[in-house]
Amino acid sequence: MRNSGALHAGAWWIWALGLAAAASRTTNPLLLGLLVGVAGYVVAARRTDAPWARSYGAFLKLGLAVIGIRLVFAVLLGSPIPGTHTLLTLPEVPLPDWARGVRIGGRVTAEGLVFALYDGLKLAALLVCVGAANALANPARLLKSLPGALYEAGVAVVVAMTFAPNLVADVARLRAARRLRGRPDRGPKALLQVGVPVLEGALERSVAMAAAMDARGYGRTAQVPRSVRHVTNVLTLGGLTGVCAGTYGLLADEGAGYGVPVLLLGLAAALGGLLLGGRRSVRTRYRPDVWGVRAWLVSGSGIAVAVLMALAPEAPLHPGVVPLTAPVLPLGAAGAVLIGLLPAFVGVPRPRTPGPQTPDGLKLPGTGTNQPVRRLRTSGEAAISGGLGAAAPRKREGAGQGQRKSTHDDEAAQ
């Protein structure tokens with residue numbers, strides 16, 4: 001039985017990696033802000049109420065912290081970008097000759113700070129894209145979709161990915177419990193008091209996960225011939241080496257001729273090694289996810305954003321800082337980034353939590369329903385209506401049942 005309702009988890013990761021690849025191609029703050037906005041809109045439209053869906057805010061805060069740290073380093077350690085607009089001059093610490101090229105303090109220029117800001121924005125956009133994938137993709141379903149040869153490595157990766165969302169959920173739960181008890185939930189003291197229960201919960205979760213993995217036969221493999229194992233190792237290692245060499249050829253100017261063929265051969269060899277390596281896996285899949293039309297559209301939108309950004313002109317993607325110039329939004333690249341909004345309209349609809357209901361099963365006002373709500377009767381009205389209108393039919397019904405019973409008894413006696 002296949003699960004056709006949920007979107008394939010791999011589609012979300014391909015979409016997010018496409019946005020991350022586009023973010024790595026530019027330092028334009030307008031395009032980076034647009035990428036972050038696209039990722040945030042899709043997450044707001046399609047994430048569920050699962051624990052891992054709450055991790056997006058943590059990644060967003062981490063991106064802001066990265067920008068701040070990058071600016072602090074630019075102020076304290078200087079910047080390799082020369083500048084003429086001096087903002088302030090800090091006391092410089094003398095360093096020995098072996099640390100030449102490194103300085104602490106000194107002149108802080110506007111060009112250096114702008115360069116650091118652009119660099120921090122790029123890294124923050126990459127973190128936001130990864131956070132969007134964590135918030136949208138179910139890690140358990142992603143593990144089910146991995147090839148059999150990568151199952152053990154995939155379990156380790158999924159456990160590592162779910163650590164941050166579970167940690168965020170534990171911190172939020174403990175802070176809410178402290179607020180309900182009238183205790184402060186902010187400040188260093190509250191953070192230390194929350195840290196011990198969070199660590200204890202993480203240890204308990206790890207022990208329970210280890211027991212569950214052992215009960216499900218994790219790490220047990222089937223016996224395969226030695227020749228098949230050797231061929232699998234050669235294909236896998238050779239394929240990965242070819243992928244690395246082909247990628248280097250595509251990135252380097254002198255390797256453009258052999259980059260694509262070597263990359264394709266490496267991918268083919270690596271896929272062959274994965275297929276042969278899957279024979280050692282003795283596990284089965286229950287209700288595998290279907291890679292349907294929506295998955296193609298979601299993953300294709302991320303790939304389209306990455307490809308179009310790679311083909312865009314270089315000049316608008318990297319605004320100059322020496323001399324300082326205002327960044328310009330290239331319309332072609334901006335249109336390519338907006339393609340990433342497609343999952344917000346073709347993805348699986350976000351499940352809605354049912355609103356509170358009355359004992360009669362009626363929704364209360366203000367719960368998102370357009371159906372009219374009947375006025376609840378008071379106890380006096382219920383007693384009057386029950387005594388006048390409801391008792392008589394029950395009595396007649398009971399009388400009819402008694403007559404039918406007596407009739408049956410007489411027929412049985414005869």
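The protein chain here folds into 14 helices and two strands, where helices (H or I, at least four residues) and strands (E, at least two) are DSSP runs numbered from the N terminus. This is a predicted model, so local features need pLDDT of at least 70, side-chain atom pairs count only at pLDDT 80 or more, and totals for chains, interfaces and linings use all residues. Residues are numbered from 1 along each chain as its sequence is written, and side-chain values use heavy atoms, leaving out hydrogens and water.

Some whole-chain numbers to start with:

| Property of the protein chain | Value |
|---|---|
| Buried share of the 414 residues | 30% |
| Accessible surface | about 25,600 Å² |
| Share of that surface from carbon and sulfur atoms | 66% |

Buried means under 20% relative accessible area, exposed over 50%, and partly exposed in between (1.4 Å probe, protein chains only). The areas come from the Shrake-Rupley method with a 1.4 Å probe; for residues, only the protein chains shown count as cover.

Now for contacts (heavy atoms within 4.5 Å). Taking those between residues at least 6 apart in sequence, 76% join residues at least 24 apart.

On the surface, there's a nonpolar patch with about 760 Å² of accessible area together, made of Ile 69, Val 72, Phe 73, Leu 76, Leu 77, Val 93, Leu 95, Val 102 and Ile 104. Helix 3 (residues 56–77) supplies its largest share, five residues. Val 102 sits in the loop between strand 1 (86–93) and strand 2 (104–109), and is exposed at 53% relative accessible area.

The bond from Val 322 to Pro 323, though, is cis, with omega near -5°. Pro 323 lies in the loop between helix 11 (314–317) and helix 12 (331–338).

Conventions
Patches are made of residues with over 30% relative accessible area and no salt bridge: like charges are joined within 9 Å, nonpolar side chains (Val, Leu, Ile, Met, Phe, Trp, Tyr) within 5 Å. A salt bridge is a side-chain nitrogen of Lys or Arg within 4 Å of a carboxyl oxygen of Asp or Glu.
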